Amino acid sequence: MEGDVEGRQLAYQPQVAGHVQPHAAVVVGGMGGSGLAGRAAQWLGVPHVLRHASYDLPPALPPHALYVAISYSGNTEETLSFAEAALAQHLPLAAITAGGRLSQMAVERQLPHVLVPGGMVPRDALIAQTKALVALLGASLDWDARDEPAHGAITTDSERLARALTGKVPLVYAGPGSEFLAYLWKTTLNETAKVPAFSNVFPEWNHNELQGIDPTGPLGQAIPVAPVILESEQDDSRIRHRMEAFARVFVEHGGAEPLVIPPPVAPRAGTFIYHWALARAVAHALAARYHADPDATPLIEAFKKEL
């Protein structure tokens, strides 16, 4: 665990520059690690947040909405397109960034905006970007310093989980109320550990994907998978029963025992920070096992050059 990355974000106090207009809904335009802040805000209970992860604006625009462009680098192509489309239609626009063209746009157009700490990869700045979005929207969340995860426990758990995931494709499953956390794990493993990883939600995936990961199926031996189950205190008893039943059936069919991650004893913001920290630590430990640079994304960068 790199305490500096975590500590900078936990200590960060967002400062909103400019006046944010009253609004009945919020459309957050952002991609990748920056776009995750919109998902996080939704999961944390910030009301009326809609997400847009593409060019321009969504086809259906909610009435009396605020449009928030969020790009850590400030140069994300799709997000700049979103911002320019909002300005072209004279819609209220705000920005969250660490610099780049989006920062220049915010200053030149006198847009309300929040600057987040620079020097990180976007996924590592998720806590700061989420805090900035919450502050920009005037929402109230308790980012208690006590929410900071215990580094010793995180390190121990991350090494254990990384050993179990080595050489396998991680499949992260959660109950309906924790879909965002499962997706956070998936994307962190993709970018930081450089591995294919997927996420899904109980009970829907039991009706289709379950058969596709049968250890006795056509690809069961060629492509070993490692199910990871994120438990939550909010899981319905029927969802918990499905989690337990899946684990039994999967093992009986020759699969590895699913990795179960129990919920932390923490408020909602603390749970978010815990899963971000643990997923990040696991991904870094896996990257070390695969001799990969956890921060580099060479395939993504090569792809961007073709655009």
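Is Asp 236 buried, partly exposed or exposed? Asp 236 is partly exposed, with a relative accessible area of 30%. The classes are buried under 20% relative accessible area, exposed over 50%, and partly exposed in between (1.4 Å probe, protein chains only).

This is a predicted model: local features need pLDDT of at least 70, side-chain atom pairs count only at pLDDT 80 or more, and totals for chains, interfaces and linings use all residues. Residues are numbered from 1 along each chain as its sequence is written, and side-chain values use heavy atoms, with hydrogens and water left out.

**Exercise 1. Salt bridges**

Task: count the salt bridges and describe three of them.

Solution. 
Step 1. Set the rule: a side-chain nitrogen of Lys or Arg lies within 4 Å of a carboxyl oxygen of Asp or Glu. Side chains of opposite charge can pair when their charged atoms come close.
Step 2. Count. The rule gives six salt bridges.
Step 3. Take Asp 236 and Arg 238. Their closest N and O atoms are 2.9 Å apart. Arg 238 is exposed, at 62% relative accessibility.
Step 4. Take Arg 160 and Asp 157. Their salt bridge spans 3.9 Å, N to O. Both sit in helix 6 (residues 151-165), three residues apart, so about one helical turn separates them. Arg 160 is partly exposed at 39%, and Asp 157 is partly exposed at 24%.
Step 5. Take Arg 123 and Glu 191. Their side chains meet at 3.3 Å, N to O. Arg 123 belongs to the loop between strand 6 (113-115) and helix 5, and Glu 191 to helix 7 (residues 179-193), so the pair ties together parts 68 residues apart in sequence. Arg 123 is buried at 7%. Glu 191 is partly exposed at 22%.

**Exercise 2. Strands and a crossover**

Task: describe how strand 2 and strand 3 pair, and what unit they make with helix 2.

Solution. 
Step 1. Define the elements: helices (H or I, at least four residues) and strands (E, at least two) are DSSP runs, numbered from the N terminus. Two strands pair if DSSP finds at least two bridges between them.
Step 2. Read the pairing. Strand 2 (residues 25-29) runs parallel to strand 3 (residues 49-52), over four bridges. Val 26 stands opposite Val 49 of strand 3.
Step 3. Right-handed means that, with the strands pointing away from the viewer, the path from the first strand over the helix to the second runs clockwise.

**Exercise 3. A surface residue**

Task: locate Leu 307 and state its exposure.

Solution. 
Step 1. Leu 307 is in the segment after helix 11 (298-305).
Step 2. Leu 307 is exposed, with a relative accessible area of 57%.
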